[in-house]
Amino acid sequence: MRRKTLVQLVCVTGSLAGLAWLLGRIGWATVGGALHRVGWPAMAILMLLGWTETVADGAALWVVMGQRLRLGFAITVNAAGSMLNLILPWESGEVLKGMLLHEQFGTQPAVSGTIIWNYVFKISRPALSMAAALGGWALCGEMDRFHVGVILAANALAFIPYLGLRLFIRYGAAAGFLRALAFIPILRRHPRHWVEVARHIDREVKLFWHERPAAYLKVFFLQIVARMTGWASCFVALRALGANYSFGQVLLVYATLNVADYVIAVLPARVGVSEGTSFFLFKFLGLDPVLGVIMCLILRVRTIAANGAVTPFTFLDWKPGQGSD
């Protein structure tokens, strides 16, 4: 077994064990009672919100690819990538999306399309999260100003991945990175055409927002819609659990959880970590930490169910679409 896989398995097992311990400390009867309180109407709304997120993100990928693939296939590809991102770290789902797109379009369109989608994602997500943090700051006058200041500062730092990716693309880093690999003996024998492929990717990514501004705005808008379902899901889940939190408080909850996800994304495990982290984040906000854990647990199960229902359709025989911008 590869060392990386072993580390991931150990970390996933450890995080699940930690989550089980935390739920045990809360009380399984308490957890079961809270889940029972949610009820089927709220779960139906949460499922619809989950599918809305999947469809909006899939439609954004469809627009990026110039509508050269079926919209349904774009949605299933996004769902498959999201499922993998729930389990594995380091954006493993984006690699899977690239591989699935490669089967229909080849290396260059698949890689450039995946990079462009993530490029816009790294500005749309922190933009909405910062808007939520600012809204929470304006509406929650009773909240400790220091805590709100920490949330605002953390959301400002969330723009760093976008700035880093922008520098990566602006200076043609894909081709440069490939050239650098030539200095590593074990990777020295890469074909010359891969450098050309990298140059094409760099050029396509650079020109996307210059040559297709309408497409860029569509992708940004669709991703904003997808991210807004995250806030709506928090609101519905908390209300279903009986938490009478204000509009501003839920905005701060959403903004705080979003920032935490950036840290969790670099860890060797994700399952169980988000739920455990929510305990401390809710406590930081002066809210009921038990409700935070249960809310994240409900949303985790919902996301797995929503994407799990769509992912199997990825293996159908999808034929490329004929549309264009």
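Is the crossing of helix 10 and helix 13 right-handed or left-handed?

Analyst: The crossing of helix 10 and helix 13 is right-handed, a term used when the near helix is turned clockwise from the far one by less than a right angle, anticlockwise being left-handed. This is a predicted model, in which local features need pLDDT of at least 70 and side-chain atom pairs count only at pLDDT 80 or more, while totals for chains, interfaces and linings use all residues. Residues are numbered from 1 along each chain as its sequence is written, and side-chain values use heavy atoms, with hydrogens and water left out.

Helix 10 covers residues 213-240 and helix 13 covers residues 289-310, and their axes come within 10 Å and cross at roughly 120°. Helix 10 is therefore oblique to helix 13, since angles under 35 degrees count as roughly parallel, over 145 as roughly antiparallel, 65 to 115 as roughly perpendicular and the rest as oblique. Ser233, Cys234, Ala237 and Leu238 of helix 10 make the contact with Met295, Leu299 and Arg302 of helix 13, where contact means heavy atoms within 4.5 Å.

Setting aside neighbours within four places in sequence, Met295 is in contact with Cys234, Ala237, Leu238, Leu241, Val253, Leu257 and Phe282. In the largest nonpolar core, which has 41 residues, Met295 and Tyr245 touch the most other members; such a core is a set of buried (under 20% relative accessible area, 1.4 Å probe, protein chains only) Ala, Val, Leu, Ile, Met, Phe, Trp, Tyr and Cys residues joined through side-chain atoms within 4.5 Å. Among the elements that give two or more residues to this core are helix 10 and helix 13, although helix 11 gives the most, with 8 residues.

Key: Axes are lines fitted to C-alpha atoms, for helices over the stretch in contact, and angles run from 0 to 180 degrees between N-to-C directions. Helices (H or I, at least four residues) and strands (E, at least two) are DSSP runs, numbered from the N terminus. Buried means under 20% relative accessible area, exposed over 50%, partly exposed in between (1.4 Å probe, protein chains only).
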